[in-house]
Amino acid sequence: MSFQRFDSFPDPPEAQSNRQSKRPRLSLFQFTSYQSSRTPSNEPPAYTQDDHLAVRAQFHVKLLKYMRIALALLTLATSITIIACSAGALRAYSDTRDDVEFVLPLWPTSVDLRPTHVVLACGAILTVASLAYLAAAFVSSSRSSLRRLNTLSTLLSFVGIFITVFATAFASAINNHLASSTDAGTLGSWTCRWQSFESIAPRNFASICMESTVAMNLVILSVVLQALGVLLAGWGWLVEIKGKRGVEGKGIM
């Protein structure tokens with residue numbers, strides 16, 4: 001004869017009905033909300049402040065890169081024009097220096113070519129510097145290269161502004177010193193004296209005067225371009241510092 005434990009007997013129908021009646025009954029809307037709260041969400045995470053800072057920093061890095069490339073291209077075009085004008089003036093002087101068409105000599109006994117040589121060297125240095133930065137900017141595409149581009153841009157900008165300021169001051173000082181001399185002068189100062197006598201001026205004097213003037217004015221313009229390069233270099237370091245800290249500056253950017 002087998003015996004069953006007392007606690008193994010099923011509950012009477014009255015107890016089961018009472019237990020079921022105590023369970024909360026959910027409506028269809030409440031049940032659906034309850035099920036959706038328990039299932040994992042497939043929606044993307046919220047857009048945090050860190051994400052906003054990262055997107056803004058990436059925008060400033062791209063903007064800085066494009067502005068530097070545009071400035072380098074403008075400097076390259078300016079420097080090539082400086083080289084072309086200076087070389088053209090020197091070539092014209094060489095062609096007319098021993099011209100036997102005129103009885104009297106066309107040039108004074110002392111022609112100071114140092115301003116033209118300095119301007120020509122300035123254009124050559126700016127050309128090399130612009131090409132160097134453009135090559136580095138197009139080769140370096142990752143954000144980790146920002147420090148290298150900042151270093152290169154700072155170095156080239158300070159070298160460029162020093163060269164352009166020196167060339168402007170040196171050429172202007174010599175031109176002003178020899179402007180009233182009758183037996184000496186520079187290519188620009190001597191040939192530009194004949195502007196009022198175009199009908200009797202020797203050949204190529206007008207072109208030499210124009211090329212010397214254009215080259216000198218472009219060197220002065222290059223001072224402004226190199227100053228902008230220094231400002232962009234400072235902004236590049238600021239972008240890098242803010243990218244590392246991950247915080248916004250107080251209205252600077």
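Analyst: Let's start with the word itself: a cavity is a set of grid points where a 1.4 Å probe fits but cannot get out. Rolling a probe the size of a water molecule over the atoms shows where empty space is left. Keep in mind that this is a predicted model. Counting cavities of 30 Å³ or more gives one, and the largest cavity has a volume of about 210 Å³.

So what's around that space? The lining of the largest cavity is made of 14 residues, and L71, A72, L156, S157 and Q226 are the ones nearest its centre. By type, the lining splits into seven nonpolar residues, six polar and one charged. Four helices each put at least two residues into this lining: α3 (49-96), α4 (114-139), α5 (146-177) and α7 (205-245).

Now look at two of those helices together. The axes of α4 and α5 are 9 Å apart, and the helices pack at an angle of about 165°. Angles over 145 degrees count as roughly antiparallel, and α4 and α5 are therefore roughly antiparallel to each other. Where they contact, the residues divide into 20 nonpolar, four polar and one charged. As for handedness, α4 makes a left-handed crossing as it passes α5.

C209, in helix α7, pairs with C192, which sits in the loop between α6 (187-191) and α7. These two cysteines form a disulfide, with their sulfur atoms 2.0 Å apart. The torsion about the S-S bond of C192 and C209 is about 105°, so this disulfide is right-handed.

Note on methods. Residues are numbered from 1 along each chain as its sequence is written. This is a predicted model: local features need pLDDT of at least 70, side-chain atom pairs count only at pLDDT 80 or more; totals for chains, interfaces and linings use all residues. Side-chain values use heavy atoms; hydrogens and water are left out. On a 1 Å grid over the protein atoms alone, a cavity is a set of points where a 1.4 Å probe fits but cannot get out, and a pocket is an open set with protein on both sides within 12 Å along at least five of seven lines; lining residues have an atom within 4 Å of a point. Grid points are joined across faces, edges and corners, and a volume is the space filled by probe spheres set on the points. Ala, Val, Leu, Ile, Met, Phe, Trp, Tyr, Cys and Pro count as nonpolar, Asp, Glu, Lys and Arg as charged, and the others, Gly among them, as polar. Axes are lines fitted to C-alpha atoms, for helices over the stretch in contact, and angles run from 0 to 180 degrees between N-to-C directions. Angles under 35 degrees count as roughly parallel, over 145 as roughly antiparallel, 65 to 115 as roughly perpendicular and the rest as oblique. A crossing is left-handed if the near helix is turned anticlockwise from the far one by less than a right angle, and right-handed if clockwise. A disulfide is a pair of cysteine sulfur atoms within 2.5 Å.
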